[in-house]
Amino acid sequence: MGQAVSVGSSSASADGGVNRPVILYADSAGHFFGKLTINGVSLKYLVDTGATSVSMNSADAKYAKIDFEKGEKIRVSTANGIAPAYLLTVNTIKIGTIVLHNVDVTVKEGGSPPFVLLGMSAQNRLDLKRQGDILTMSKKY
């Protein structure tokens, strides 16, 4: 399949469509990509079960109007070794129709990772069900 697309389910709901399941399709390498929104800015993400928190590079954080330098300075373990980063909480992340509040995010200065990593600080609030090349994410209640 081609580039993954984030699509809400077709079922109608009384809440106007908020928090309906989001369906992702794997790309040719088996990765699940989609779009999320922070501060009204759309960013590409990769579902990453190996990431402790939602992670992004400093350019994406600036584009999303996140003042990451006010976050707590930390060191993170990445595929390329230990790196400095900032830990902070983002008020709202919207993943398709799913809305999550007060999500821990780490920001690394520079261009890595090349897209947002949807790590466990968000995934722990979701039910993820994979059937072959289809991943369905639903908000836990």
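Of the 141 residues of this protein, 44% count as buried, where buried means under 20% relative accessible area, exposed over 50% and partly exposed in between (1.4 Å probe, protein chains only). The model is predicted, so local features need pLDDT of at least 70 and side-chain atom pairs count only at pLDDT 80 or more, while totals for chains, interfaces and linings use all residues. Residues are numbered from 1 along each chain as its sequence is written, and side-chain values use heavy atoms, with hydrogens and water left out.

**Overall layout**

- The secondary structure comes to two helices and eleven strands; helices (H or I, at least four residues) and strands (E, at least two) are DSSP runs, numbered from the N terminus.
- Read from the N terminus on, the elements follow the order β-β-β-β-β-α-β-β-β-β-α-β-β.
- Among contacts between residues at least 6 apart in sequence, 56% join residues at least 24 apart, and contact here means heavy atoms within 4.5 Å.

**A hairpin to look for**

- Strand 6 (residues 72–78) and strand 7 (residues 81–95) run antiparallel and are joined by seven bridges; two strands pair if DSSP finds at least two bridges between them.
- These two strands, strand 6 and strand 7, form a hairpin with two residues between them.

**Aromatic pairs**

- A search of the whole structure finds two aromatic pairs. Rings of Phe, Tyr and Trp (its six-membered ring) pair if their centres lie within 6.5 Å; planes under 30 degrees apart count as stacked, over 60 as edge-to-face and the rest as tilted.
- One of the pairs is F33 with F115, whose ring centres are 5.1 Å apart and whose planes stand at 90°, so this pair is edge-to-face.
- Because F33 lies in strand 3 (residues 33–38) and F115 in the loop between strand 8 (98–108) and strand 9 (116–118), the pair ties together parts that are 82 residues apart in sequence.
- Both F33 and F115 are buried.
- F68 and Y86 also form an edge-to-face pair, at 5.3 Å centre to centre with 65° between the planes.
- This pair links distant parts of the chain, with F68 in the loop between helix 1 (58–63) and strand 6, and Y86 in strand 7, 18 residues apart.
- F68 is buried, as is Y86.

- The charged end of K44 sits over the ring of F33, 4.5 Å from its centre. A charge sits over a ring if NZ of Lys or CZ of Arg is within 6 Å of the ring centre and within 35 degrees of the ring normal.
- K108 belongs to strand 8.
- Although K108 is buried, it has no salt bridge, and the nearest side chain of opposite charge, D48, is 11 Å away.
- Lys and Arg count as positive and Asp and Glu as negative, with His and the chain ends not counted; a salt bridge is a side-chain nitrogen of Lys or Arg within 4 Å of a carboxyl oxygen of Asp or Glu.
- Leaving aside neighbours within four places in sequence, K108 is in contact with residues including M56, N57, V76 and T78.

**Backbone details in the loops**

- A cis peptide bond, with omega about 0°, joins S112 and P113, and P113 is in the loop between strand 8 and strand 9.
- N19 is not a glycine, yet has a positive phi of about 65°. N19 is in the loop between strand 1 (7–8) and strand 2 (22–25) and, at 17% relative accessibility, counts as buried.
- K65, in the loop between helix 1 and strand 6, has a positive phi near 60°. K65 is exposed, with a relative accessible area of 59%.
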